[in-house]
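Hi,

Here is the structure I said I would pass on to you. Have a look at it first, and then read my notes below.

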Amino acid sequence: MTTFSSAICIVEASWRDLGELRNLEAVCFGEDAWPLFDLIGVLTLPRIVRLKAVNGDRKMVAFIAGDPNPDEKTGWITTIAVLPAYRKQSIGSRLLKMCEERMGLPFVRLCVRHDNKPALAMYARAGYRHVRVWRAYYHDGADALVLEKIREA
Ligand SMILES: CC(C)(COP(=O)(O)OP(=O)(O)OC[C@H]1O[C@@H](n2cnc3c(N)ncnc32)[C@H](O)[C@@H]1OP(=O)(O)O)[C@@H](O)C(=O)NCCC(=O)NCCS
């Protein structure tokens, strides 16, 4: 368990977090929120790194998942979200760093809406660089940018 400012702790998530994760996804992603099937998968599939940030009342305020693929030496950050009231406190950056460390692979990749400025700023600060575009990836036809970070050995 990692504790930092305002009694926020980062702990492993599990299938018991399904209800709170569903709410977090709906609040943070709206129409782009994952369907229930994907949320169950991310909370149960083996090898997935799943971490949540909880407040002093043990409520989930943020979540990240990573999917490590050792054969390709690459881990994918598949989702990250912080409830609006808890943003700009470095919770997202800390979750990202912990997930990268847990996956422990030389390359980390993720995709992000091309116009998601807060996320792009966070990823740039964390050392991610734009490597590819996935055209019309989102429900409204918006493009996704694929970003990559090369971690130090
Ligand atoms: C993107 C997202 C995860 C960032 O989470 P976050 O916890 O706010 O991220 P951080 O706090 O680490 O960094 C965000 C900003 O807060 C600032 N910040 C961090 N700690 C701060 C503090 N103590 N005081 C003031 N500002 C602070 C950072 O400098 C950064 O500023 P910038 O955006 O101007 O560069 C969050 O905005 C979110 O959930 N968005 C909706 C879901 C989403 O888009 N997910 C990404 C999909 S790819």
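Let's begin with helix α1, and with what sits over its buried side. The cover over the buried residues of α1 includes α2 (36-44), β4 (60-69) and β5 (74-82). Before you go further, keep in mind that this is a predicted model.

Helix α1 itself runs over residues 18-29, which makes 12 residues. From its first C-alpha to its last it reaches 16 Å, close to the 16 Å expected at 1.5 Å a residue. Which residues of α1 are buried? They are Leu21, Leu24, Glu25 and Cys28. If you look down the axis of α1, these buried residues fall within an arc of 100°, so they line one face of the helix. Just after α1 comes Gly30, with a positive phi of about 55°.

Now for the ligand. It has 20 residues around it, and the closest are Val82, Ser90, Ser93, Asn116 and Arg125. Here are some N or O atoms of the protein to look for beside oxygen atoms of the ligand:

- Asn116: an N or O atom in its side chain is 2.6 Å from a ligand oxygen.
- Ser90: here a backbone N or O atom lies 2.7 Å from an oxygen atom of the ligand.
- Gln89: a polar backbone atom is 3.2 Å from an oxygen of the ligand.

On its own, the ligand has 930 Å² of accessible area, and the protein covers 71% of that.

Is Tyr123 buried or exposed? Tyr123 has 5% relative accessibility, and buried means under 20%, so Tyr123 counts as buried. You will find Tyr123 in helix α4 (residues 117-125). Setting aside its neighbours within four places in sequence, Tyr123 is in contact with Ile80, Leu96, Leu110, Val112, Tyr128 and Leu147.

What does the side chain of Asp143 have polar contacts with? One partner is the side chain of Arg135, at 2.7 Å. The backbone nitrogen of Ala136 is another, 2.8 Å from a polar atom of the Asp143 side chain. Beyond four places in sequence, the residues in contact with Asp143 include Val112, Arg113, His114, Val133, Trp134 and Tyr138.

Last, a bit about backbone angles. Most residues other than glycine have a negative phi. Arg47 is not a glycine, yet its phi is positive, at about 80°. Arg47 is in the loop between α2 and β3 (49-54), and at 52% relative accessibility it counts as exposed. Lys73 is not a glycine either, and its phi is positive too, at about 55°. Look for Lys73 in the loop between β4 and β5.

Cheers

Conventions. Residues numbered from 1 in each chain as written. Predicted model: local features only at pLDDT ≥ 70, side-chain atom pairs only at ≥ 80, totals over all residues. Heavy atoms only, no water. Helix = DSSP H or I, 4+ residues; strand = E, 2+ residues; numbered from the N terminus. Expected span 1.5 Å × (residues − 1). Buried < 20%, exposed > 50% of the residue type's maximum accessible area, 1.4 Å probe, protein only. Arc of directions from axis to C-beta. Contact = heavy atoms within 4.5 Å. Near = heavy atom within 4 Å. Polar contact = N/O pair within 3.5 Å; in protein donor to acceptor, adjacent residues only side chain to side chain. Areas by Shrake-Rupley, 256 points an atom, 1.4 Å probe, with all protein chains shown as cover.
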